[in-house]
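Subject: Structure handover and notes

Dear colleague,

My notes on what was found in it follow after that.

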Amino acid sequence: MFVAALALAPQLVRASALSDVSAIRPGRPFRVAVDLKIAPDWHTYWINPGDSGAASHVAWQGPPGFRFGALHWPVPSVLRTKEETSYVYRREVRLVTDVTPPKNLRPGQKIALRAQVDWLVCRDSCIPGKATVALTLPVGTASKPKAALDDRTLRIPQRRPNWIPLAIQTKQGYLLTLSGGAKSLPSGDLLFLPAQSATVEHGAPQPLSRVGDSVTLALRASSYAQRPAKRLIGVLVDGGGHGWQIDVPVRQSPQTPALKAGSKP
Amino acid sequence: MIIKTVPILAILASSVALGAPAAPAALVGAAAPAFTLTSTEGKTVSLSDYKGKFVVLEWLNFDCPFVRKHYNGDNMQRLQREYTKKGVVWLSIVSSAAGQQGNYPPSVLEAKRKAFKSAQTALLTDFDGKVGRSYGAKATPQMVVISPKGVILYNGAIDDQPTPDPASLKTAHNYLSAALDAAMSGKPVAVTTTQPYGCSVKYAE
């Protein structure tokens, strides 16, 4: 069974490179992305894959002077089985990177950008894969917009400056509270997806309560955590799959004794 | 003040449902569940046979890329050789159900074991998954260390590199070695549990 699957491997994920500009303006940041088209029923993984799987890796290279930022990860889907919860991408995902070109580029110069990508694609079994993707862009002053690689189109989680987040350590884990002006917080169901593994239990329910202009999620600490998390970093998603960045230090409530390493939460 | 609790997204309870494996972390410090299984060489093997010795359980699926990372690079075999020489009993267990990835007739598993020049004490088949579930085996590879008194000292990932990439072996911190080296010199195990990585164990539906 595994051998048959291996023969299909090249078709399970098709990788390509995209840019949001048709020409590079010296010193002007632009975006590149690795697009992964995933075979139906298969999936790749988010930065925190969850209970199993492995995140994709993207490493860009360009001529001297080109600086590449960190990957922006779109909001993943939550995949639940009887035994596990994972954070995955199905059908297609674009992993985007900001690029800052140097100022000293000549018009007409051709710039080659290359990315090494590797992934784990799974259905019931998992197959690692990799590819090198490349694109060439001319240096020029005018640029027609190309692929839409903006945060909204790619569902990259946004910060909400008018939310005031608070995370408190509890005996079971954490309470994550968001306070915002009336109507500014999302309604309906919410879920916190941790970007770091071994912090929050991926499959545990997150009971939600709303009081006035705040919403609180009760999060269970991961049974693999060696010590309580110092920060909660991740994405808050609503029932429609919209996501918002969360990055908040964890405070000890004066009444809560600190979790001892190795103790059951 | 009225606190309104809103029902959350339909979530399957993650707590121990009937048939779902126990949580690996919860088993640390507890008595290692007893078992009797058949080895690929046709011998009956019980955990109780090895009272008084350190025992390593290695959940195995030869077709899993994460397992191959260790076997193709002789990493797992090297650990098997090193610790069995020191008197540790190393039992590899295949819990893949019939028709699932990693499941083969015992004679085929034995042939693969030999082809990889594996050095475990025995390779045991657990095709109905009972032993895997009792140890909270979630992934392959997953490692369990049992003390001579039969207490679980470690249950989790083999190292800190949750990737199938063999290059990661160069810089990996090996949790299994760390646990065994500490326990065998009478020291407490510093890291007793980590999130297992790899292919999910292919239990029967």
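Which element gives the most to the lining of the second largest pocket? Before the answer, please bear in mind that this is a predicted model, and that the values below are all computed from it. The element is strand β3 of chain A, residues 43-50, which gives 4 residues to that lining. The pocket itself has a volume of about 700 Å³, and 34 residues line it, with A:Q196, A:S197, A:A198, B:P162 and B:Q195 lying nearest its centre. Sorted by class, the lining is made up of 15 nonpolar, 13 polar and 6 charged residues.

Turning to chain B as a whole, it has 205 residues, of which 54% are buried, and it is built with 6 helices and 10 strands. Among the contacts in chain B with a separation of 6 or more, 75% are accounted for by residues 24 or more positions apart.

Helix α4 of chain B, which covers residues 106-115, has B:L109, B:E110 and B:R113 as its buried residues. Seen down the axis of α4(B), these buried residues fall within an arc of 100°, so they line one face of the helix. As background to that pattern, an α-helix has 3.6 residues a turn, so residues three or four places apart point the same way. The exposed residues B:S107, B:K114 and B:A115 are on the other side of α4(B), while the buried ones pack against β5 (89-94) and β6 (122-125) of chain B. Just after the helix, B:K117 takes a positive phi of about 55°.

Is B:A122 buried or exposed? Its relative accessibility is 6%, and because buried means under 20%, B:A122 counts as buried. Leaving aside residues up to four places away in sequence, B:A122 touches B:S39, B:W90, B:L91 and B:S92. From B:A122 to B:K86 the separation is 36 residues in sequence and 16 Å in space, taken C-alpha to C-alpha.

How many disulfides does a search of the whole structure find? Over all chains there are 2, and each is described here in turn.

In chain A, a disulfide joins A:C122 to A:C126, with an S to S distance of 2.2 Å, and with 110° about the S-S bond this link is right-handed. Both of its cysteines are buried, A:C122 at 1% relative accessibility and A:C126 with a relative accessible area of 7%.

In chain B, the disulfide is formed by B:C64 and B:C199, whose sulfur atoms are 2.1 Å apart. The torsion about its S-S bond is about 95°, so this disulfide is right-handed. B:C64 lies in the loop between β4 (55-59) and α2 (65-72) of chain B, whereas B:C199 lies in strand β10 (residues 199-200) of chain B, so the pair ties together parts that are 135 residues apart in sequence. B:C64 is buried, with a relative accessible area of 0%, and B:C199 is likewise buried, with a value of 0%.

With kind regards

Methods
Residues numbered from 1 in each chain as written. Chains lettered and ligands numbered in written order. Predicted model: local features only at pLDDT ≥ 70, side-chain atom pairs only at ≥ 80, totals over all residues. Heavy atoms only, no water. 1 Å grid on protein atoms, 1.4 Å probe; cavity = no way out; pocket = protein on both sides within 12 Å on 5 of 7 lines; lining within 4 Å. Points joined across faces, edges and corners; volume = space filled by probe spheres on them. Helix = DSSP H or I, 4+ residues; strand = E, 2+ residues; numbered from the N terminus. Nonpolar A, V, L, I, M, F, W, Y, C, P; charged D, E, K, R; others polar. Buried < 20%, exposed > 50% of the residue type's maximum accessible area, 1.4 Å probe, protein only. Arc of directions from axis to C-beta. Contact = heavy atoms within 4.5 Å. Disulfide = S-S within 2.5 Å.
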